[in-house]
Amino acid sequence: MTQQHSSRSTPLQTLIGVGLVLLALAMAWGASSVSSEAGYGGVGPNFFPWVVSIALLICGVLCVAHALTGGFRDLEEGSGDVRAHWKGFIWVTAGLLLNAMLITTLGFILSCALCFVLSVRGFKSAEGELDLRLQAWIKDSLIGFAVAAPVYWMFTQLLAINLPGLTNTGWL
């Protein structure tokens with residue numbers, strides 16, 4: 001790998017920071033078009049997009065500053081393969097596409113839990129640790145449910161943002 005394409009390349013590091021700044025500005029522009037009308041919890045649906053935009057802007061500015069003053073600090077050599085791991089990519093892509101296709105049928109929690117389970121398969125596959133035993137599927141399903149359920153509850157109950165549910169109770 002040549003120096004200009006290396007992760008230690010100052011122009012590449014600067015480009016990453018500038019990309020983050022541009023992404024933050026694009027997200028802020030999008031957040032400005034979202035209603036700021038406060039929900040049940042006192043914050044509106046544009047609160048999180050603004051938080052993410054500001055955080056990305058700070059990270060982008062810091063990345064540019066680091067790149068221009070000697071490069072990213074304590075940067076380790078990459079541990080990934082030279083080539084893409086297509087089987088892992090397919091697992092993760094399947095999880096994302098199924099989530100998008102099934103969210104209105106299964107509801108937010110179950111479709112996100114399914115996305116989590118398939119993504120774990122993809123990442124584990126890339127590490128050479130793919131476990132297709134039933135016990136692993138159950139464990140990852142429970143973790144996915146445990147992650148998705150509080151997010152669903154926070155958005156629907158605390159922020160009063162409608163997400164598709166499996167039932168009309170507002171809790172699942």
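Colleague: What does Phe47 count as at 36% relative accessibility?
Modeller: This is a predicted model, where local features need pLDDT of at least 70, side-chain atom pairs need 80 or more, and totals for chains, interfaces and linings use all residues. Residues are numbered from 1 along each chain as written, and side-chain values use heavy atoms, without hydrogens or water. Buried means under 20% relative accessible area and exposed over 50%, with partly exposed in between (1.4 Å probe, protein chains only). At 36%, Phe47 therefore counts as partly exposed.

Colleague: How many aromatic pairs does the structure hold?
Modeller: Rings of Phe, Tyr and Trp (its six-membered ring) pair if their centres lie within 6.5 Å. By that rule, the number of aromatic pairs is 5.

Colleague: What kind of pair do the rings of Phe47 and Phe48 make?
Modeller: Planes under 30 degrees apart are stacked, over 60 edge-to-face, and the rest tilted. Here the centres are 5.3 Å apart and the planes stand at 70°, so the pair of Phe47 and Phe48 is edge-to-face.

Colleague: What kind of aromatic pair do Phe108 and Tyr152 form?
Modeller: Their centres are 6.1 Å apart. The angle between the planes is 25°, and the pair is stacked.

Colleague: How many residues apart in sequence are the parts that Phe108 and Tyr152 tie together?
Modeller: Helices are DSSP runs (H or I, at least four residues), numbered from the N terminus. Phe108 lies in α4 and Tyr152 in α5, so the distance in sequence is 44 residues.

Colleague: Is Tyr152 buried or exposed?
Modeller: Phe108 has 13% relative accessibility and counts as buried. Tyr152 has 3%, so Tyr152 also counts as buried.

Methods
Helix = DSSP H or I, 4+ residues; strand = E, 2+ residues; numbered from the N terminus.
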